[in-house]
Amino acid sequence: MNQKTNVGRKLVQISKEEEKRYEIRLTASLGVARFLIMQGDAFRGHDESSTSLNKGTYREMIDWYKDKVEIVKEAYEKGSKNCQMLSPDIQKDLTKACAEEVTSVIMDEIRGKKFSVLIDESRDVSIKEQMAVILRFVNDEGKVMERFLGLQHVQSCTAIALKEALVRMLSSHNLSISMLRGQGYDGASNMRGEFNGVQKLIRDENPYAFYVHCFAHQLQLVVVTISTSSADIADFFNYVPLIVNNVGASCMRKDALLAKHHDVLLEKIENGEIMTGRGLNQESSLARPGDTRWGSHLKTLLRILVMWEAIIDVLEIVKKDSIKPACNGALGLIGKMESFDFVFILHLMIELLSMIDILSRALQRKDQDIVEAMHLIMDVKDGLQDMRENRWEPLLKKVKTLCERNEIEVPDMNDEINVRGTSRRRKQKVTNMHYYHVEIFLVAIDAILTELNHRFSETSSELLVCMACFNPRKSFSNFDVDKLVRLAEIYAEDFDIGDLTVLPNELKSFVNRARRTPEFLGCTELGKVAEIMVKTNMNTSYQRVYRLIELTLILPVATASVERIFSAMSIIKTDLRSKMGDEWLNDLMICYNEKEIFRKICNEKIKKRFEEMKKRRMLLPKKLMIASSDE
């Protein structure tokens, strides 16, 4: 049946051929829009007229499509000129339809499940404060999922304003705050405040929404203490950026660094000192350390160690070529690098930061659970303690080897020296061994251990101690029925008196069966336990146990997922797209960050939602005749 549509006051008959052309134009526009959304590219151009050379990616791709596919070209050239599906409003509507379909899939995944929220705020290029919200839950397969719910522009960062914005966003998706079982934020006072923070305001309404201070953020604060653990280490980290800045201050110096490093690598390969192979000995330059991401310091220190000879050569070139030798400081940097103190602290920091970096990467996994995170923290503490007691001699040997290879003087460890930072007149003497071993090595390690115990004190809280009993390592060796029953009592909203009565026997039955089940052998993560229970249908046999495991898994560990959202925001909303509206940005962000879901959504669903959003000039073929008004 042909369609009729209102154009102004005139009723126009639409032929089947025009309906088909409309479908082709809509499909082409949607295909281009999906591609641009997935890549995070801009839609608009400076001048979108037909004769322009800068129409923007959207129109340029449509033109390319028309040149390559004849039926598409015919649909645009012979079709209705006032329904070309190219306008900015159509682009936004298509994107909104895509975003709503992605959100619909996420809501279907949750379907009445308990969840936690991860929240953070950041400014975009328009100097607008944007609040990102991520939901953490366990899906039907027993897998921990973290899904991006959306961005919300907040004009105030007070605890009350942020809490209201969160409740408003949850309500818009028909999610109740009563289903909330966890909160994950950074350490800002407006978020974690014990009396007036967001977490406290939410817990006033829902006492079971337990708050966890982001473990990755706390670990960052632990690493910062390394740089201030002693005056000598603080001095070392003051020199590192000076070395990087001097060597990489110009294109000429960077080229010289790469050339020198290339020559050093060739020489080492010829001498058999290093191996060759695919991916080895790649061209690299000095990485600039970041002030807020201390993980970048490890990368910088490793590059300094690997490119040692090349850096010294470039600093020598800088010293020779300088017009004003008193102003460049290269001579002082060469002297600093070719000192035993610098080499020793360099190796010590690489050892310590490497241990912390392993934990940092593990904490940033999306599916990381609180039980495994606590175990990883204990592993790091044990590793630091082992380094304190047993790895002094191997470290000293490594330092001496580098010094001997580069003709750096190695002090006699039994010689006495004045205490650093005191006048010679005071005649306070210590041996070199005491200085390097006690005042630097032990002080640095003890500072980290102390800070770890201080920052992660909540790992000893009753809630997390009870959750740790679910650790599946060594055939559930930490399994404690009494503590797990206590965990159920803490979540009183989810377990009634009847559940608590039968839970002890169900826990005992579960652990006995798990120890006999081959699938659980070698299992080290609680997330895998949940997946195995679903695959073996144990989640239906032990519903209360599975409910406890779900509550443990959804408790947030780190807000790294939210940080990734802001990284994506800097890709989508750039200086050239700074006038982008909040709704348009939110729709793009949902599709871009949930690409896994977006890829699986078929075009037909999106086109259907697009048509249902508002009245259109035309509808897709094989639909009832509907009179539409102008857009």
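R473 forms a salt bridge with E372, and their closest N and O atoms are 2.8 Å apart; by salt bridge I mean a side-chain nitrogen of Lys or Arg within 4 Å of a carboxyl oxygen of Asp or Glu. This pair links distant parts of the chain, since R473 sits in helix α20 (residues 473-476) and E372 in helix α16 (residues 370-390), 101 residues apart. Helices and strands here are DSSP runs, numbered from the N terminus, with helices being H or I of at least four residues and strands being E of at least two. R473 is partly exposed at a relative accessible area of 22%, whereas E372 counts as buried at 6%; buried means under 20% relative accessible area, exposed over 50%, and partly exposed in between, with a 1.4 Å probe and protein chains only.

Please keep in mind that this is a predicted model, in which local features need pLDDT of at least 70 and side-chain atom pairs count only at pLDDT 80 or more, while totals for chains, interfaces and linings use all residues. Residues are numbered from 1 along each chain as its sequence is written, and side-chain values use heavy atoms, with hydrogens and water left out.

How many salt bridges are there by this rule? The count comes to 39, and one of the pairs is K573 with D124, whose closest N and O atoms are 3.0 Å apart. K573 is in the loop between α26 (560-572) and α27 (582-593), and D124 is in the loop between β3 (115-123) and β4, 449 residues apart. K573 is buried, with a relative accessible area of 1%, and D124 is buried as well, at 6%.

A further salt bridge joins the side chains of E594 and R147, at 3.0 Å from N to O. Because E594 lies in the loop between α27 and α28 (595-600) and R147 in strand β5, the pair ties together parts that are 447 residues apart in sequence. E594 counts as buried at 5% relative accessibility, and R147 is buried with a relative accessible area of 5%.

That brings me to strand β5 (residues 144-153), where eight of the 10 residues are buried, so the strand is largely enclosed by the rest of the structure. Nine bridges join β5 to strand β4 (residues 129-138), and the two run antiparallel; strands are taken to pair if DSSP finds at least two bridges between them. V138 stands opposite V144 in β5, and in the hairpin, with five residues between the strands, G142 takes a positive phi near 85°.
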